[in-house]
Amino acid sequence: MTTSEKQALAALLEEAGESWLIDEPFSPREDALNHLAEVLERLNSTARQRLSGNAPEFSVALLRREFGDDASRLRAFLQAIGTTQSTDLLVMVWQLLHGAHVDQMELGYKRGTSFELKIVLKSRGNLEEYVSHDINDIGLLRHFATFHLDGKPVFEGFFPLDS
Amino acid sequence: MIGGSDEIIAVKNPIAALRACVQIIDWWWPDAVFEDADTSARYGASHEVPLGKTRELFAYKDALAAEAWDDSGAVPQTANTMVDFLRGPRQLTVVVDNPDDAVMAAMLKAFREAGRSQVFNRGSKRVAV
């Protein structure tokens with residue numbers, strides 16, 4: 001990512017109200033922007049592996065377009081970047097923001113021993129499985145709405161948390 | 001709409017809540033067509049709608065219903081085949097023809113419950129019109 005792209009990314013984060021991503025915990029800001037650039041680079045690699053021909057090209061321009069279409073969608077995605085270290089789960093979040101639904105979810109935990117969060121999405125008729133063993137990824141679940149459809153339980157996401 | 005009824009859902013983030021509502025629409029109306037009321041732009045999938053730019057959104061049951069609304073407007077034949085969403089700064093207003101119709105009642109119940117989700121953080125109330 002070029003210096004001007006990093007500046008554009010910083011400006012976008014300010015506009016979206018998510019500049020905390022570069023204000024903290026990283027210091028100086030340049031390091032945080034370098035880190036975000038590296039996350040986007042890894043995200044592109046993961047997305048190509050997971051989605052092949054349907055993978056978006058994650059760039060500042062793409063994020064800017066997303067902001068124009070629906071700022072809350074971009075905010076949700078940026079908040080996910082600040083929540084998980086897993087680019088696999090970031091692909092999942094992107095898919096949720098673009099028409100996929102949570103089909104199944106499983107949570108396994110044994111104190112001091114193991115953690116597993118498995119989320120299966122239905123996207124364009126296909127099932128996509130995402131698994132995390134990082135207990136901090138539980139924070140992603142705060143971004144889901146919960147309700148009933150025809151009396152049946154539904155998780156729907158992915159939504160931004162308001163400050 | 002034909003003697004429509006308004007449901008006001010108070011939320012901190014009405015754009016995000018509107019996204020939840022159109023996802024709920026997808027459940028009952030998998031072939032739903034969405035229309036930006038200001039631009040008349042139509043979308044065949046809920047995730048294609050640029051919700052951040054949309055002040056008022058029509059959700060039709062399907063393409064046939066959208067055509068019927070174009071041709072005839074609010075007539076008995078088009079009753080309960082469209083939901084109208086209006087986005088305010090801190091609320092969503094949902095307008096339906098007959099809130100007692102089985103599908104409309106189920107949708108409204110889901111909109112209300114989704115609006116109460118912690119992620120949106122607020123409840124809802126109904127007002128008679």
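Tutor: B:R19 lies in helix α1 (residues 14-28) of chain B; helices here are DSSP runs of H or I with at least four residues, strands are runs of E with at least two, and both are numbered from the N terminus. The model is a predicted one, in which local features need pLDDT of at least 70 and side-chain atom pairs count only at pLDDT 80 or more, while totals for chains, interfaces and linings use all residues. Residues are numbered from 1 along each chain as its sequence is written, chains are lettered from A and ligands numbered from 1 in the order in which they are written, and side-chain values use heavy atoms, with hydrogens and water left out.

With a relative accessible area of 5%, B:R19 is buried (buried means under 20%, exposed over 50%, and partly exposed in between, with a 1.4 Å probe and protein chains only). Leaving aside residues up to four places away in sequence, B:R19 touches B:L51 and several residues of chain A, among them A:D70, A:R73, A:F158 and A:P160; contact means heavy atoms within 4.5 Å.

The view may now be widened to the whole interface. Chain A brings 28 residues to the contact and chain B brings 22 residues. About 2100 Å² is buried between chain A and chain B, and carbon and sulfur atoms give 54% of this area. Buried area is the accessible area (1.4 Å probe) that two parts lose on being put together, summed over both.

Two salt bridges are found across the interface of chain A and chain B, a salt bridge being a side-chain nitrogen of Lys or Arg within 4 Å of a carboxyl oxygen of Asp or Glu. A:D69 forms a salt bridge with B:K53, and their closest N and O atoms are 3.3 Å apart.

On the side of chain A that touches chain B, the elements giving two or more residues are α4 (60-69), α5 (71-81), α6 (87-97) and β4 (145-149) of chain A. Of these, β4(A) gives the most, with five residues. By class, this side of chain A has 10 nonpolar, 10 polar and eight charged residues. Here Ala, Val, Leu, Ile, Met, Phe, Trp, Tyr, Cys and Pro count as nonpolar, Asp, Glu, Lys and Arg as charged, and the others, Gly among them, as polar.
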